[in-house]
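Reader: I am new to this structure. Can you walk me through how to read its features?

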Amino acid sequence: MSLAELVLSFFLLSAGIIVVAQLFQTSLRRNADSGRAARAAMVAQSKLAEIRQWAAGQSAGAYNFDNWAPYTNVTVTDPDEPVFTVTVRSQDQTVGSLSTQLESTQTEQRLLTRSLRKVEITVSWSGGQAYRLVSLVGDPTRQLASPAINVQATSLANPLAAGATADFQGQILDSNNNPIPDVGFRWGVEAGTGDGMLDWVHRDQRSCRFINRYALKDGSTIQVPGTCWVRATSNYGGPIHSNVGPQMVLSP
(Lines give C-alpha, C1' and ligand atoms only; values in the text may rest on other atoms or scores of the structure.)
Protein backbone atom coordinates (compact mmCIF):
# COMPACT_ATOMS: atom_id res chain seq x y z
CA MET A 1 0.00 0.00 0.00
CA SER A 2 1.42 3.35 -1.03
CA LEU A 3 1.69 6.32 1.32
CA ALA A 4 -1.07 8.16 -0.60
CA GLU A 5 -3.44 5.21 -0.19
CA LEU A 6 -2.62 5.01 3.50
CA VAL A 7 -3.34 8.73 4.02
CA LEU A 8 -6.59 8.47 2.07
CA SER A 9 -7.70 5.44 4.07
CA PHE A 10 -6.89 7.22 7.33
CA PHE A 11 -8.84 10.28 6.17
CA LEU A 12 -11.90 8.22 5.21
CA LEU A 13 -11.77 6.32 8.49
CA SER A 14 -11.51 9.56 10.48
CA ALA A 15 -14.38 11.12 8.54
CA GLY A 16 -16.53 8.05 9.17
CA ILE A 17 -15.77 8.14 12.90
CA ILE A 18 -16.66 11.85 13.05
CA VAL A 19 -19.95 11.29 11.20
CA VAL A 20 -20.88 8.37 13.44
CA ALA A 21 -20.03 10.40 16.54
CA GLN A 22 -22.16 13.31 15.33
CA LEU A 23 -25.06 10.98 14.56
CA PHE A 24 -24.70 9.37 17.98
CA GLN A 25 -24.66 12.79 19.66
CA THR A 26 -27.72 13.89 17.66
CA SER A 27 -29.50 10.69 18.59
CA LEU A 28 -28.75 11.22 22.28
CA ARG A 29 -29.95 14.82 22.07
CA ARG A 30 -33.17 13.85 20.32
CA ASN A 31 -33.79 11.04 22.79
CA ALA A 32 -33.32 13.54 25.62
CA ASP A 33 -35.72 15.99 23.93
CA SER A 34 -38.23 13.20 23.38
CA GLY A 35 -37.94 12.19 27.02
CA ARG A 36 -38.49 15.78 28.17
CA ALA A 37 -41.49 16.13 25.86
CA ALA A 38 -43.01 12.94 27.29
CA ARG A 39 -42.42 14.19 30.85
CA ALA A 40 -43.87 17.60 29.89
CA ALA A 41 -47.02 15.87 28.60
CA MET A 42 -47.36 14.05 31.92
CA VAL A 43 -46.91 17.33 33.82
CA ALA A 44 -49.62 18.99 31.67
CA GLN A 45 -52.03 16.07 32.18
CA SER A 46 -51.37 16.15 35.92
CA LYS A 47 -52.07 19.89 36.04
CA LEU A 48 -55.32 19.41 34.08
CA ALA A 49 -56.45 16.69 36.52
CA GLU A 50 -55.62 19.06 39.40
CA ILE A 51 -57.73 21.82 37.79
CA ARG A 52 -60.69 19.51 37.21
CA GLN A 53 -60.62 18.37 40.84
CA TRP A 54 -60.34 21.99 42.02
CA ALA A 55 -63.24 23.15 39.80
CA ALA A 56 -65.57 20.58 41.38
CA GLY A 57 -64.75 21.72 44.93
CA GLN A 58 -66.02 24.55 47.12
CA SER A 59 -64.39 27.30 49.13
CA ALA A 60 -65.56 30.49 50.86
CA GLY A 61 -69.21 29.61 50.40
CA ALA A 62 -69.09 29.11 46.63
CA TYR A 63 -68.14 26.53 44.03
CA ASN A 64 -64.61 27.09 42.73
CA PHE A 65 -65.93 26.98 39.16
CA ASP A 66 -67.46 30.42 39.75
CA ASN A 67 -64.06 32.05 40.36
CA TRP A 68 -61.18 31.13 38.04
CA ALA A 69 -58.68 33.69 39.31
CA PRO A 70 -56.30 30.97 40.64
CA TYR A 71 -55.98 29.50 37.13
CA THR A 72 -56.06 32.56 34.87
CA ASN A 73 -52.70 33.71 33.43
CA VAL A 74 -50.70 31.95 36.15
CA THR A 75 -47.10 30.75 35.72
CA VAL A 76 -45.41 28.42 38.21
CA THR A 77 -42.47 26.02 38.42
CA ASP A 78 -43.54 22.41 38.71
CA PRO A 79 -42.52 21.22 42.21
CA ASP A 80 -41.80 17.66 41.08
CA GLU A 81 -40.08 18.64 37.80
CA PRO A 82 -38.21 21.92 38.44
CA VAL A 83 -36.87 21.99 34.87
CA PHE A 84 -40.42 22.75 33.66
CA THR A 85 -42.31 26.04 33.82
CA VAL A 86 -46.10 25.65 33.74
CA THR A 87 -48.37 28.44 32.47
CA VAL A 88 -52.15 28.15 32.82
CA ARG A 89 -54.62 30.35 30.96
CA SER A 90 -58.41 30.02 31.02
CA GLN A 91 -61.44 31.77 29.58
CA ASP A 92 -65.18 31.23 29.24
CA GLN A 93 -66.12 29.11 26.24
CA THR A 94 -69.48 29.86 24.63
CA VAL A 95 -71.18 26.99 22.81
CA GLY A 96 -74.60 26.50 21.27
CA SER A 97 -77.05 23.97 22.62
CA LEU A 98 -77.53 21.54 21.04
CA SER A 99 -75.11 22.67 18.29
CA THR A 100 -73.14 25.89 17.83
CA GLN A 101 -73.46 25.62 14.05
CA LEU A 102 -77.24 25.18 14.19
CA GLU A 103 -77.73 27.93 16.77
CA SER A 104 -75.80 30.41 14.63
CA THR A 105 -78.76 30.48 12.24
CA GLN A 106 -81.30 31.31 14.96
CA THR A 107 -82.52 34.80 15.87
CA GLU A 108 -83.01 33.64 19.47
CA GLN A 109 -79.90 31.59 20.09
CA ARG A 110 -79.71 29.04 22.84
CA LEU A 111 -76.19 29.58 24.14
CA LEU A 112 -74.26 28.22 27.09
CA THR A 113 -72.02 31.12 28.08
CA ARG A 114 -70.77 30.07 31.51
CA SER A 115 -70.98 26.28 31.62
CA LEU A 116 -67.60 25.56 30.03
CA ARG A 117 -64.13 26.92 30.62
CA LYS A 118 -61.39 26.63 28.00
CA VAL A 119 -58.12 25.77 29.76
CA GLU A 120 -54.74 26.07 28.06
CA ILE A 121 -51.69 24.56 29.79
CA THR A 122 -48.21 25.28 28.41
CA VAL A 123 -45.21 23.39 29.82
CA SER A 124 -41.91 24.93 28.70
CA TRP A 125 -38.26 24.11 29.31
CA SER A 126 -34.79 25.23 28.22
CA GLY A 127 -34.09 25.90 24.57
CA GLY A 128 -37.46 27.52 23.94
CA GLN A 129 -39.25 24.18 23.73
CA ALA A 130 -42.81 23.72 24.99
CA TYR A 131 -45.70 21.30 25.17
CA ARG A 132 -49.25 22.74 24.92
CA LEU A 133 -52.46 21.09 26.12
CA VAL A 134 -55.94 22.60 25.54
CA SER A 135 -59.12 21.18 27.05
CA LEU A 136 -62.58 22.15 28.24
CA VAL A 137 -63.60 21.96 31.90
CA GLY A 138 -67.34 21.79 32.60
CA ASP A 139 -69.37 23.18 35.46
CA PRO A 140 -69.76 20.25 37.90
CA THR A 141 -73.16 18.96 38.98
CA ARG A 142 -73.90 20.87 42.16
CA GLN A 143 -75.86 20.21 45.31
CA LEU A 144 -79.03 22.29 45.30
CA ALA A 145 -80.75 24.62 47.73
CA SER A 146 -84.24 23.96 49.05
CA PRO A 147 -86.30 25.07 47.28
CA ALA A 148 -83.97 24.77 44.31
CA ILE A 149 -85.87 26.92 41.79
CA ASN A 150 -86.56 30.63 42.07
CA VAL A 151 -89.10 32.15 39.66
CA GLN A 152 -89.06 35.95 39.43
CA ALA A 153 -91.46 38.31 37.70
CA THR A 154 -89.45 40.80 35.66
CA SER A 155 -92.64 42.69 34.73
CA LEU A 156 -95.97 42.14 36.47
CA ALA A 157 -98.78 44.55 37.31
CA ASN A 158 -101.35 43.07 39.69
CA PRO A 159 -104.17 42.95 38.88
CA LEU A 160 -103.24 42.01 35.32
CA ALA A 161 -105.57 43.56 32.77
CA ALA A 162 -107.30 41.49 30.09
CA GLY A 163 -104.86 40.79 27.26
CA ALA A 164 -101.92 42.20 29.23
CA THR A 165 -98.66 40.26 29.63
CA ALA A 166 -96.21 39.51 32.44
CA ASP A 167 -92.60 38.37 32.01
CA PHE A 168 -90.84 35.77 34.17
CA GLN A 169 -87.37 34.32 34.46
CA GLY A 170 -86.13 31.30 36.35
CA GLN A 171 -83.02 30.44 38.31
CA ILE A 172 -81.85 27.23 39.90
CA LEU A 173 -79.82 27.74 43.07
CA ASP A 174 -76.97 25.63 44.43
CA SER A 175 -76.54 24.79 48.12
CA ASN A 176 -74.80 28.15 48.64
CA ASN A 177 -77.86 29.95 47.18
CA ASN A 178 -75.82 31.00 44.14
CA PRO A 179 -77.53 30.76 40.74
CA ILE A 180 -76.30 27.99 38.45
CA PRO A 181 -75.82 29.47 34.96
CA ASP A 182 -77.29 28.26 31.67
CA VAL A 183 -80.03 26.02 33.13
CA GLY A 184 -83.31 25.96 31.17
CA PHE A 185 -86.81 25.10 32.37
CA ARG A 186 -90.11 23.67 31.23
CA TRP A 187 -92.70 26.40 31.67
CA GLY A 188 -96.40 26.06 32.32
CA VAL A 189 -99.38 27.78 33.89
CA GLU A 190 -100.89 26.51 37.15
CA ALA A 191 -104.54 27.51 37.40
CA GLY A 192 -106.12 28.74 40.58
CA THR A 193 -109.51 30.42 40.55
CA GLY A 194 -108.45 31.90 37.20
CA ASP A 195 -106.38 30.80 34.23
CA GLY A 196 -104.33 32.11 31.33
CA MET A 197 -101.65 30.87 28.96
CA LEU A 198 -98.05 31.30 27.91
CA ASP A 199 -97.61 33.74 25.07
CA TRP A 200 -93.90 33.11 24.49
CA VAL A 201 -91.00 31.02 25.80
CA HIS A 202 -87.44 31.99 24.90
CA ARG A 203 -85.46 29.30 23.10
CA ASP A 204 -82.94 29.19 25.95
CA GLN A 205 -85.91 28.21 28.20
CA ARG A 206 -84.80 30.59 30.94
CA SER A 207 -87.60 33.12 30.52
CA CYS A 208 -91.23 33.24 29.40
CA ARG A 209 -94.19 35.57 28.93
CA PHE A 210 -97.69 35.03 30.31
CA ILE A 211 -100.79 36.60 28.76
CA ASN A 212 -104.14 37.16 30.46
CA ARG A 213 -106.38 35.24 28.10
CA TYR A 214 -107.27 31.62 27.53
CA ALA A 215 -107.43 29.88 24.14
CA LEU A 216 -110.27 27.48 23.34
CA LYS A 217 -110.04 24.53 20.97
CA ASP A 218 -111.90 26.40 18.24
CA GLY A 219 -109.21 29.09 18.23
CA SER A 220 -111.20 31.72 20.06
CA THR A 221 -110.06 33.23 23.36
CA ILE A 222 -111.86 34.07 26.58
CA GLN A 223 -111.01 35.66 29.93
CA VAL A 224 -110.84 33.47 33.03
CA PRO A 225 -110.44 35.99 35.87
CA GLY A 226 -109.06 35.00 39.25
CA THR A 227 -105.64 33.86 40.44
CA CYS A 228 -102.97 31.68 38.82
CA TRP A 229 -99.22 31.12 38.73
CA VAL A 230 -96.43 30.46 36.26
CA ARG A 231 -94.51 27.27 37.09
CA ALA A 232 -90.91 26.36 36.13
CA THR A 233 -89.69 22.75 36.21
CA SER A 234 -86.19 21.31 35.76
CA ASN A 235 -84.63 17.87 36.13
CA TYR A 236 -81.16 19.18 36.94
CA GLY A 237 -78.90 16.35 38.10
CA GLY A 238 -81.65 13.77 37.66
CA PRO A 239 -84.38 14.60 40.23
CA ILE A 240 -87.25 16.84 39.14
CA HIS A 241 -87.43 20.27 40.78
CA SER A 242 -90.32 22.70 40.41
CA ASN A 243 -91.58 25.99 41.80
CA VAL A 244 -94.05 28.75 40.98
CA GLY A 245 -93.62 32.47 40.62
CA PRO A 246 -95.57 35.19 42.42
CA GLN A 247 -99.33 34.94 42.35
CA MET A 248 -101.08 36.76 39.54
CA VAL A 249 -104.52 38.34 39.87
CA LEU A 250 -106.30 38.30 36.51
CA SER A 251 -108.86 40.96 35.68
CA PRO A 252 -111.93 40.03 33.60
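**Salt bridges, pockets and a patch**

Author: Start with the charged pairs. The structure holds 13 salt bridges. Keep in mind that the model is predicted.

Reader: How many residues apart in sequence are the parts that the pair Arg89 and Glu120 ties together?

Author: First, the contact. Arg89 and Glu120 meet through their side chains in a salt bridge, 4.0 Å from N to O. Arg89 belongs to strand 4 (residues 85-92) and Glu120 to strand 7 (residues 116-125), so the pair ties together parts 31 residues apart in sequence.

Reader: Is Glu120 buried or exposed?

Author: Buried means under 20% relative accessible area. Glu120 has 19% relative accessibility, so Glu120 counts as buried. Arg89, at 39%, counts as partly exposed.

Reader: Which other residue forms a salt bridge with Glu120?

Author: Arg132 does; the closest N and O atoms are 3.3 Å apart. Glu120 lies in strand 7 and Arg132 in strand 8 (residues 129-138), so this pair ties together parts twelve residues apart in sequence. Arg132 is exposed, with a relative accessible area of 52%. Shared partners also occur elsewhere: salt bridges join Asp66, Asp139, Arg142 and Asp174 into one network.

Reader: Where do Arg203 and Glu103 lie?

Author: Their side chains meet in a salt bridge, 2.6 Å from N to O. Arg203 lies in the loop between strand 12 (197-201) and strand 13 (207-211), and Glu103 in helix 2 (residues 100-103), so the pair ties together parts 100 residues apart in sequence. Glu103 is buried at 4% relative accessible area. Arg203 is partly exposed at 31%.

Reader: Now the pockets. What volume does the largest pocket have?

Author: About 250 Å³. Next, look at the lining. It has 16 residues, and Gly170, Gln171, Ile180, Pro181 and Asp182 lie nearest the pocket's centre. Strand 10 (residues 165-174) gives the largest share of this lining, four residues. By class, the lining has six nonpolar, six polar and four charged residues.

Reader: Which element gives the largest share of the lining of the second largest pocket?

Author: Helix 1 (residues 3-55), with six residues. The second largest pocket holds about 170 Å³ of space. Its lining residues include Arg39, Met42, Glu50, Asp78 and Val86. That lining divides into five nonpolar, one polar and six charged residues.

Reader: Last, the surface. Which residues make the nonpolar surface patch?

Author: Tyr214, Leu216 and Ile222, over about 220 Å². Ile222 sits in strand 15 (residues 221-222). Ile222 is partly exposed, at 36% relative accessible area.

Note on methods: Residues numbered from 1 in each chain as written. Predicted model: local features only at pLDDT ≥ 70, side-chain atom pairs only at ≥ 80, totals over all residues. Heavy atoms only, no water. 1 Å grid on protein atoms, 1.4 Å probe; cavity = no way out; pocket = protein on both sides within 12 Å on 5 of 7 lines; lining within 4 Å. Points joined across faces, edges and corners; volume = space filled by probe spheres on them. Helix = DSSP H or I, 4+ residues; strand = E, 2+ residues; numbered from the N terminus. Nonpolar A, V, L, I, M, F, W, Y, C, P; charged D, E, K, R; others polar. Patch = residues over 30% accessible without salt bridge, like charges linked within 9 Å, V, L, I, M, F, W, Y side chains within 5 Å. Areas by Shrake-Rupley, 256 points an atom, 1.4 Å probe, with all protein chains shown as cover. Buried < 20%, exposed > 50% of the residue type's maximum accessible area, 1.4 Å probe, protein only.
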